[in-house]
Amino acid sequence: MTKDLTSGSPLKVILLFSLPLVLGNLFQQFYALADTIIVGRFCGVSALASVGATGSVNYLILGFVIGVCNGFAIPIAQLFGARDYKDLRRHVANAAWLCMAASVVLTISTVALTRPMMQLMQTPDDIIDGAVIYIGWIFAGIPFIFLYNMVAAIMRALGDSKTPLYFLILTSALNIGLDLLFVVGFGMAIEGVAYATIISQFVSAILVLIVLTRSTENYRLTWKDLRIDKKIFRQILMVGLPTGFQQSLTSFSNVYVQSYINTFGSSCMAGWSSYSKIDQFVFLPMQSIGQASTTFMSQNLGAGNLPRAKKGTGVALRLALLITFASAGILFLFAPRLVAVFNQEPDVVRYGTMFLRMNVFMLAFCCPNQVVAGAMRGAGDSRTPMLIMLFSFVLFRQIYLYIATSICNTAAVVGFGYPVGWIVASVLVELYYMSGKWEKKINM
């Protein structure tokens, strides 16, 4: 059911809209989390390291897909706020064409380059075959990932954050059940968790396709709507691509961080993999609030209400900071127990606990990167946040890693490469937002 975010208390509207997003993102994370836990528990450290070594590459592609789909949905949210439903459906149709084309290109290229990517990350010889098998199958499912995220982004743009959640609950449960069946029941190890993931994603894609074509809501897609409009095509491409690149830039940088981590051996890699999965429980709420901030900004600008749109950004940022500090405190206290859920070997627990306690509170610096940058994307300025992330997460972080490891090459120094990028990006995003330059790019 669509929901109008242009009226009512901004705090209440954003909070109620964000809650299903938080739960949905958590269930989406369960795909990778279930794979990691089951592999770590039943297949050993080497298998856990194999799956963990693919995390950065996986998030690189997944981040791009999610970002592109969210970007495509921004003009749709603005049209919904303006009550222009006819043009809205044309935008949905063109977004569908773009997603189909992008999924084909991305699937072919990533599957073909799977082993070279893992070699580029200096993946150890004893785990590279397992890593290639796992991520190769995940990449084969990119069309299903694209389809689900496109429809989910459109639903969220129109204020419906609950329907995507219901699908994720169902398919996450299916994924866990298939993981256990293939790995524990059939003894299939890494191949088993890959098959379980791709089957679950296929089911979610079919479900959202049914909703997209049979729904009575404004985003319903029919055959007569599937006509390419060059102007609309170009418009959503100009918003979607920078958003996709921004979402994937963090993961692109993380690929380099992972390559440094890989030099410290399988136990460190397994500990890093465990930490990466756990800290998502702090990151995902702020990411969800950032998505809500994008939709709130888009709908209210579509309705011509800039003051309300800006007020919502401030409310969303404070809410994200509050939740981040509260959840970070819990993870800090229970860090060793949480890492042991993935693997109980002492070295794995030691590394995972160190990474988690060192970085978890620093995630507060990600809040502006998610919420404020999300609001600016909702206003149509997706290029500037992308450039800020490019500088902070790619250029500056790599400079830090090169210099810092030359002076003191330890796992802790490498792990701190994450917060360094977060801090720089946070400062730059806030300075740009306060300058008001993004407001000049608003089309109301």
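Predicted model: local features only at pLDDT ≥ 70, side-chain atom pairs only at ≥ 80, totals over all residues.
Helix 17 (residues 383-407) has 25 residues, which at 1.5 Å a residue should span 36 Å, and the 35 Å between its end C-alpha atoms agrees with that value. Helix 17 also carries a kink of about 30°, centred on arginine 397.

**Nonpolar core**
- The largest nonpolar core comprises 127 residues.
- Met118, Phe146, Met150, Ile261, Phe355, Leu363 and Trp438 have the most contacts inside this core.
- Helix 3 (residues 55-81) is the element that gives the most to this core, contributing 13 residues.
- Beyond its neighbours within four places in sequence, phenylalanine 355 is in contact with Ile261, Cys268, Gly271, Trp272, Tyr275, Ala411 and Gly415.

**Threonine 107**
- Threonine 107 belongs to helix 4 (residues 85-112).
- Because its relative accessibility is 13%, under the 20% limit, threonine 107 counts as buried.
- With neighbours within four places in sequence left aside, the contacts of threonine 107 are Phe139, Ala140, Ile142 and Pro143.

**Cavities**
- Five cavities of 30 Å³ or more are present in the structure.
- The volume of the second largest cavity is about 200 Å³.
- This second largest cavity is lined by 19 residues, of which Asn70, Arg156, Gln291, Thr294 and Thr295 are the closest to its centre.
- At least two lining residues of the second largest cavity come from each of helix 1 (10-42), helix 3, helix 7 (142-157), helix 12 (280-302) and helix 16 (366-378).
- Helix 12 provides the largest share of that lining, with six residues.

Definitions and conventions. Residues numbered from 1 in each chain as written. Heavy atoms only, no water. Helix = DSSP H or I, 4+ residues; strand = E, 2+ residues; numbered from the N terminus. Expected span 1.5 Å × (residues − 1). Bend = angle between axes of the 7 residues up to and from the residue. Core = buried A, V, L, I, M, F, W, Y, C linked by side-chain atoms within 4.5 Å. Buried < 20%, exposed > 50% of the residue type's maximum accessible area, 1.4 Å probe, protein only. Contact = heavy atoms within 4.5 Å. 1 Å grid on protein atoms, 1.4 Å probe; cavity = no way out; pocket = protein on both sides within 12 Å on 5 of 7 lines; lining within 4 Å. Points joined across faces, edges and corners; volume = space filled by probe spheres on them.
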